[in-house]
Amino acid sequence: MTRVLPLTATLALLATGPAFAQTTPETAQVVPGQEFMTQWDLDSDGKVTLDEARTHRADLFAMFDSDGNGQFTPDELKGIDEFKAAQLEAGMGPGHQRPEGMQPGSGPGRTMGQGRGMGGGQGAGFFASAEDQMRRFDSNGDGTITQAEFVAGTDQWFAMRERTGDGVVTTADFGPRRKF
């Protein structure tokens, strides 16, 4: 089933995947994390707090829970995957500015679908399927991801992105890993 999501869904989902960057026409430089900050820094203070992340993830869940039943159905998860693939194909979203040679389907061990890399070949594009990604949030192991479980998983999600150890996500948390 193909879904057409509103622009806000487009913008919000862009920031749900791995870190990505935005190129500004004035400088033509990649600014790691800038697009993420635009989406997730709800009060525009230059940092994303855990509370902001929880709020935004609750909004994301509600946006993709098309039947409003408080849990992701297989069709809704498939819709998330289709949306990510469409964004990538349109040159938007996480992964659209990867260096030459690291395009979807060419990265070792991370590829899926019809990729040319060494991945498992079981999805579409560079990312794991929404179903596979959501499994880690299924806290009671019943095979269903509820909004409460998804939002509760924000702590884990946030910890993966907050790399500087200051308790907030800023543009300093993006780009190449540094030793702190």
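**Entry 1: a charged residue**

I began with Arg54, which is partly exposed, with a relative accessible area of 29%. I noted first that this is a predicted model. Which partners does Arg54 have? I looked for salt bridges and found Asp51, with the closest N and O atoms 3.3 Å apart. Arg54 and Asp51 both belong to helix 3, where three residues, about one turn of the helix, separate them. Asp51 has a relative accessible area of 54%, so I wrote it down as exposed, the cut-off being over 50%.

Next I looked up Asp155, whose side chain meets that of Arg54 in a salt bridge at 2.7 Å, N to O. This pair links distant parts of the chain, since Arg54 is in helix 3 and Asp155 is in helix 7 (residues 154-161), 101 residues apart. Asp155 counts as partly exposed, at 39% relative accessibility. Put together, Asp51, Arg54 and Asp155 form a network of salt bridges.

**Entry 2: another salt bridge**

How many salt bridges does the structure hold? I counted five. One that I looked up joins the side chains of Lys78 and Glu82, at 4.0 Å from N to O. Both Lys78 and Glu82 sit in helix 4, four residues apart, which is about one turn of the helix.

**Entry 3: the nonpolar cores**

Then I turned to the inside. Which residues make up the largest nonpolar core? I found 11 residues in all: Phe61, Phe64, Phe72, Leu77, Ile80, Phe83, Ala130, Met134, Phe137, Ile145 and Phe150. Helix 3 (50-64), helix 4 (74-89) and helix 5 (130-134) each give two or more residues to this core. Helix 4 gives the most, with three residues.

Leaving out residues up to four places away in sequence, Ile145 touches Phe61, Gly70, Gln71, Phe72, Met134, Phe137, Asp138 and Phe150. I also found a second, separate core of 10 residues, with Phe36, Met37, Leu60 and Phe158 among them.

**Entry 4: rings**

Aromatic rings came next. How many aromatic pairs are there? My count came to nine. Ring pairs link Phe36, Trp40, Trp157 and Phe174 into a cluster. Phe36 was already in my notes as part of the second core.

The charged end of Arg57 sits over the ring of Phe137, 4.8 Å from its centre. Arg57 also lies over the face of Phe150, at 3.9 Å from the ring centre.

**Entry 5: how confident is the prediction?**

Finally I looked up the pLDDT. Its mean over the protein chain is 74, and 62% of the residues reach 70 or more. Where does the pLDDT stay under 50? Residues 1-24 are one such stretch, and the model has 77 contacts for them beyond four places in sequence. Residues 99-125 also have a pLDDT below 50, and there I noted 45 contacts in the model beyond near neighbours in sequence. I marked residues 1-24 and residues 99-125 in my notebook with a pencilled question mark.

Definitions and conventions. Residues numbered from 1 in each chain as written. Predicted model: local features only at pLDDT ≥ 70, side-chain atom pairs only at ≥ 80, totals over all residues. Heavy atoms only, no water. Core = buried A, V, L, I, M, F, W, Y, C linked by side-chain atoms within 4.5 Å. Buried < 20%, exposed > 50% of the residue type's maximum accessible area, 1.4 Å probe, protein only. Contact = heavy atoms within 4.5 Å. pLDDT = per-residue confidence, 0-100. Phe/Tyr/Trp six-rings, centres within 6.5 Å; stacked < 30°, edge-to-face > 60°. Lys NZ or Arg CZ within 6 Å of the ring centre and 35° of its normal.
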